[in-house]
Structure formats: structure tokens, C-alpha cells
Amino acid sequence: MKRIFMLMGLGAVLCHSSCQSKKEEKEEQTKFVVTSPIKMDTAITKDYVCQIRSIRHIELRAQERGYLQKIFVDEGQFVKEGQLLFQIMPKLYEAELQKAQAEADFASIEYQNTKSLADSNIVAPNELAMAKAKFDKAKAELALRKVHLQFTEIRAPFDGIIDRFHVRQGSLVDEGDLLTELSDNSKMWVYYNVPEAEYLDYKANLKKDSLTKVDLLMANNQLFDYPGRVETIEADFNNETGNIAFRATFPNPKGLLRHGETGNIQMETPFKNAMIIPQKATFEVLEKKYVYVLDKEDKIQSREIKIAAELPHIFIIESGLSVNDKILLEGIRLVKENEKIEYKLESPKHVISHLELYAE
């Protein structure tokens, strides 16, 4: 009998201990974490789809008609300024040059003879002037034939990379026919479109005579090694899209970038004295953002907020909160409207410092 009473007493003690533990656990679970918004300087990075262009990309066309006699380079080859690329058969132009040379020689002899006669007052000065004019005309024709002969050689106007050939050796080309393209990839122009509101923000934050630094995310999701600078903005907005084109210039010393590539420009927009809260303190109802705010009686009240921008793990607030508000940080799904809660207040600096974000 004594043993039975001892077991009953032990059971009562265990039951009391278990109930006490559950009560403490419940109290611990219902103590929520609360914080406040904080104001600080930060920046957001925005992505813009871009098109990459060579700083010089030109078409090489035939300047004279004839058969393409020789191709001295290959597609994709790097060429130097002045290097011979194509040769159009020059026989006809060489013959025309020889004819013009002969006519110039004849006009020169005729002019010298007439000048000797004019010096002896045998012929009138007008006849000498006509001989001089005929000689000048012959020299001009000779110079023109030399230019036509030079046009049978197509040379590189600058250092660059040869593109695909549009003709083959032996082809008959007419004046103006496209032979290939030449790209100067020493620097690259990268074009991207910016909406009107973001353009206005950019101009408002731009310091006088400064160039904004941007990064290029390539198609393989890797950042290009060298940053670029925004050097120019087009004059007009596109009325259909509401965008305006920016142009950034990137150095390309390794020749990695080529004309026609695509990617994404990453441009930082600074936010001075921005109001920041953690994203996990918000919830969404019908595509609107809300937070739970504690009133003077420590009761939960939902409040709609407007988001100005988004960073990893945080929101920049446009309106709806002040730095003196207390917002529920954790346990959003465990509370109800107008419910009074017990909480532990954590400083916003501590909360923000434990989030993975970029902030200045």
C-alpha cells in the first residue's frame, strides 16, 4: 500500500512538472519579436536588357566594277589599318591610266612648244593659255585614272576584325556591292532603354560633370571584367514605350565582346536617407503590401505600405510608416487583428545587420 502511495505522489510531481513546462513553453512562444523602421543611405541595382555594338562597325563595298581577283584575308581575322583586303582585277584601269599618261605627256610637249613660240612673240598669248589649259586638263584626267586604279584595292581604314564575306574570289562585283563588314572592338558601345521615371531619378541624383559607372552581365550570367561609363543619352523619348536610350562605353582590351552580343546592364541608383524594413515583416493581400503595427496598447493593427524599391531581404518604404512605429518582425501568421501581444523589442540596426544586403 505504501508503494502505491509513493507511485501516485511521483506521478503527481511529474504531471505538475510537465504542465509547468508546457505553460512556460507557451509563454515563451507567444513573446513576439518587434522592431522599427530605420533610415539610412543605400543603393539599389537595376537590370536593363542591352545591345552591344562595336565603337566602329562599317560596311566595306566595292568602289569599282570588275571581277574579284584576290582575297588576302579570312573571315574573323584581325587586320591592321591600311592592310590590303581585296583586289578587283585592275587590267582595264591600268590601260586607262596608261592612256591618260600618254595624253598628259603629249599635252606637256605641246604646251612647252607653244610656250617657246610665245616667248619669241610668234604666237599670241591666248594660244599659250589654251595649250596650258589643255595640259592641265590632261594632268587632271591622269590623276583621276590613278584614283580609279587605287579603287581596285580595298584596304582596311582602321584596325579591326573582318566579318563574313558576301562575295567569293572570281565574283563579278558592281560598284557599291557589299564585300564584308569591319568591326573595331577596342571599345564597345552598349545601348539600353530606361523608363521615364527612372531617367528623372537618374538626372536628379547625377553630380555635375560626372559619369555613372555601370556593370555588364553577359549572356553566360558572368560579370564582364571591366566596368563601363554612361557617356550619353539620346535626345528623344520613344513615345510608344516611354523609354529613352542610354549609351555606356566599355573597354574591351581582351576582345571578349563582339558586335551584336546581348546582356544586361546593372546600374546602381542611390537612395539617400531611405526608410528600410525587412521583407519578412510584410505580408501581401490582393497585391498590396501590409505590415502589423503595434498601437499604444500593444495591440496589432494592419497597415498598408507603399514600396519605393526592393533589395535582397529588405524593402525601401515610400509611404505608410515612420521611424517611431513598432512593427511585428516575426510570427505574422500567429497573430490576429486587434490582438494584444507580448513582445521583445530589437533595435533596427541589429535586425538589419543580420540580413544579407548591401547598404552604405
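This is a predicted model: local features need pLDDT of at least 70, side-chain atom pairs count only at pLDDT 80 or more; totals for chains, interfaces and linings use all residues.
Student: How far apart are the end C-alpha atoms of helix H3?
Tutor: They are 38 Å apart. That agrees with the 38 Å that its 26 residues, 125–150, should span at 1.5 Å a residue. The expected span is 1.5 Å times one less than the number of residues. Helices here are DSSP runs of H or I with at least four residues; strands are E runs of at least two, all numbered from the N terminus.

Student: Which residues of H3 are buried?
Tutor: Ala-131, Phe-135, Ala-138 and Leu-142. Buried means under 20% relative accessible area, exposed over 50%, partly exposed in between (1.4 Å probe, protein chains only).

Student: What covers them?
Tutor: The cover includes helix H2, 91–119.

Student: New topic. Where is Met-89?
Tutor: Met-89 sits in the loop between strand E5 (84–88) and H2. Met-89 is partly exposed, at 36% relative accessible area.

Student: And the largest nonpolar core: which members touch the most others?
Tutor: Of its 21 residues, Tyr-192, Val-214, Leu-216, Phe-246, Phe-250 and Ile-265 do. Such a core is a set of buried Ala, Val, Leu, Ile, Met, Phe, Trp, Tyr and Cys residues joined through side-chain atoms within 4.5 Å. Apart from it lies another core, of 18 residues, including Leu-85 and Val-173.

Technical notes:
Residues are numbered from 1 along each chain as its sequence is written. Side-chain values use heavy atoms; hydrogens and water are left out. Contact means heavy atoms within 4.5 Å.
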